[in-house]
Amino acid sequence: MKHVLISMLCLLALAGCSPYTLVNSETYNNANLASYSTFRIVTPEEGKLAPGMAEVTYYNIAAAIREQMIERGYTESPTSPLLINIGITTQREIQTEPLLNNYYPWYGPAPAPAYYPFFMYPRQYYWPAYNNAQVITGIYKEGVLTMDMVNITEKVPLYSASVATILNGSGQGQFRNLAGIAEAVNTLFSKFPVPLLPQYRHK
């Protein structure tokens, strides 16, 4: 299970075809993300790493997200109201379903057979159950990385995106592949409403 959870984020690229698929990219509450100049990324001290997620994997994902934000003109600040939360799940088939009261909306581990995103910072602190947000559900053979952006001062969801990848079943030798993490996070930001700064658009 450990290797399955970690491997989902960092697979080697398939020949001639990206193994990563953008599942969703949505802005909430009419948020103007360009109005924010700073950001901060959730840390293990603010919540918990997902079961089986090594710290090195977290730091590599955080670094890739940080790069994307800086290349869009944001500055990292520990006091920023814009918090980027990270969630992961594994699944066989992607289904999006409304986040209802009977779902397991907080960080895990969820009791079987529920397989919902495990968010480092508890999602229920800022995402009410009545919201029309979509959660990714399913089981096992497809891995999903979800990124929420939240005005944490006001507890208002601003944006959420998810990227999925097919696992190859081996679970070996892939979960520290920096190129794979970079590609997954690049896909995660592919429809982000704030564009790259001109100097980064053709790198």
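Biologist: Which side chains meet R40 and E46 in this model, and in what kind of contact?

Modeller: The side chains of R40 and E46 meet each other in a salt bridge, 2.6 Å from N to O. A salt bridge is a side-chain nitrogen of Lys or Arg within 4 Å of a carboxyl oxygen of Asp or Glu. The model is predicted, so local features need pLDDT of at least 70 and side-chain atom pairs pLDDT 80 or more, while totals for chains, interfaces and linings use all residues. Residues are numbered from 1 along each chain as its sequence is written, and side-chain values use heavy atoms, with hydrogens and water left out.

Biologist: Is R40 buried or exposed?

Modeller: Buried means under 20% relative accessible area, exposed over 50%, and partly exposed in between (1.4 Å probe, protein chains only). R40 is buried at 17%, and E46 is partly exposed at 27%.

Biologist: How many salt bridges does a search of the whole structure find?

Modeller: The search finds three. One of them joins R66 to E76, with the closest N and O atoms 2.6 Å apart. R66 lies in helix α2 (residues 55–70) and E76 in strand β3 (residues 75–76), so the pair ties together parts ten residues apart in sequence. Helices (H or I, at least four residues) and strands (E, at least two) are DSSP runs, numbered from the N terminus.

Biologist: Which residue forms a salt bridge with D148?

Modeller: R123 does, the closest N and O atoms being 2.7 Å apart. D148 lies in strand β8 (residues 142–151) and R123 in the loop between β6 (118–119) and β7 (134–137), so this pair ties together parts 25 residues apart in sequence. D148 is buried at 0% relative accessibility, and R123 is buried at 4%.
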